[in-house]
Amino acid sequence: MQPNEWRPMTNIAHECFGCGQHNHQGLKMRFFTNEQQVRSDLVIPGHLRGWSNLAHGGVITTVLDEVMGWAGMYLLNQFLLTRDIKVRFKLPVRIGEPVSVYGFIAEQKNDRQVIVAAELRNAKGQVAAKAEGHFALFSAEKFAAMDIMPADELERMKGMFSSVQREQMRLQHAESENAGA
Ligand SMILES: CCCCCCCC/C=C\CCCCCCCC(=O)SCCNC(=O)CCNC(=O)[C@H](O)C(C)(C)COP(=O)(O)OP(=O)(O)OC[C@H]1O[C@@H](n2cnc3c(N)ncnc32)[C@H](O)[C@@H]1OP(=O)(O)O
């Protein structure tokens, strides 16, 4: 896939505060990928303000955490938890303003630790906030033992990882065929 070709990603977490489409108090973020990065476009609603016109910094942090979580999960096909996040608020982000967030792998330390990065860009394309997050990666067995989600949800997530992996392999195969043609 070309870097400017973005395809929508499937979500099975309907109640997540960041991405759950059934969580009416949440941000209802939808995700796209170009296979190197994960992206979401959103408008931070007025009830999530801090100063009068400004999006709350904690909400911006949530948005960056969410896109990093999705990037890590999708690009590495593993369960993960945020260990810590560093955020730099570079420019004011206004409520009601369209923004785009991008997440990508910065450095895979080993099979249990990854550093993921994110950028929030405003409508002018300026980086208004950026983040770096350290995430702990887990096997499905370890995640199950931590009692974070019910067994049926865990099985659905495992199914999702397998189908994502198959799709990624199909795309890589198609790309190498094209390169050889
Ligand atoms: C492909 C599909 C893609 C599409 C997906 C669609 C569906 C979308 C679904 C959902 C969207 C969600 C999007 C998520 C975005 C947001 C993410 C969050 O907000 S996560 C919540 C906030 N973070 C926490 O709650 C962490 C809380 N912290 C901890 O649990 C710990 O600090 C932890 C595990 C991160 C590290 O623990 P320590 O700092 O104590 O680590 P040490 O001392 O090294 O180890 C303690 C024990 O834990 C094990 N451990 C640690 N890390 C491990 C690892 N990576 N793997 C296995 N074991 C590990 C160790 O072996 C050790 O176990 P021994 O005591 O020896 O038995």
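This report describes the helices, the strands and the ligand surroundings of one predicted model.

Because the model is predicted, local features need pLDDT of at least 70 and side-chain atom pairs count only at pLDDT 80 or more, while totals for chains, interfaces and linings use all residues. Residues are numbered from 1 along each chain as its sequence is written.

**Helices**

Helices (H or I, at least four residues) and strands (E, at least two) are DSSP runs, numbered from the N terminus.

| Helix | Length | End-to-end C-alpha distance | Expected span |
|---|---|---|---|
| α3 | 30 residues | 44 Å | 44 Å |

A residue is buried if 20 or more other C-beta atoms lie within 10 Å of its own, exposed if 12 or fewer, and partly exposed in between, with C-beta atoms placed from the backbone. By this criterion α1 is mostly covered, with 14 of its 20 residues buried. In α3, by contrast, the count of buried residues is zero among 30, and the helix is hardly covered. Just after α1, N77 adopts a positive phi of about 55 degrees.

**Strands**

Two strands pair if DSSP finds at least two bridges between them. Strand β5 (residues 98–110) pairs with strand β3 (residues 38–43) in the antiparallel sense, over six bridges. Within this pairing, P98 of β5 stands opposite V43. Strand β5 also runs antiparallel to strand β6 (residues 113–121), and nine bridges join them. Here Y102 has E119 in β6 as its bridge partner.

**Surroundings of the ligand**

A residue is near a molecule or strand if its C-beta atom, placed from the backbone, lies within 6 Å of it. There are 24 residues around the ligand, and A13, G69, L81, R112 and A136 come nearest. At least two residues of this shell come from each of α1 (57–76), β4 (79–89), β7 (127–138) and α3 (151–180). Helix α1 gives the most, with six residues.

The shell comprises 15 nonpolar, four polar and five charged residues. Ala, Val, Leu, Ile, Met, Phe, Trp, Tyr, Cys and Pro count as nonpolar, Asp, Glu, Lys and Arg as charged, and the others, Gly among them, as polar.

**Annotated region**

An unreviewed UniProt entry lists residues 54–128 as "domain: Thioesterase". UniProt positions are given in the numbering used here, feature names are shortened, and annotations may be inferred rather than shown by experiment. Over residues 54–128 the chain is 27% helix and 47% strand, and the end C-alpha atoms are 12 Å apart.

Notes
Expected span 1.5 Å × (residues − 1).
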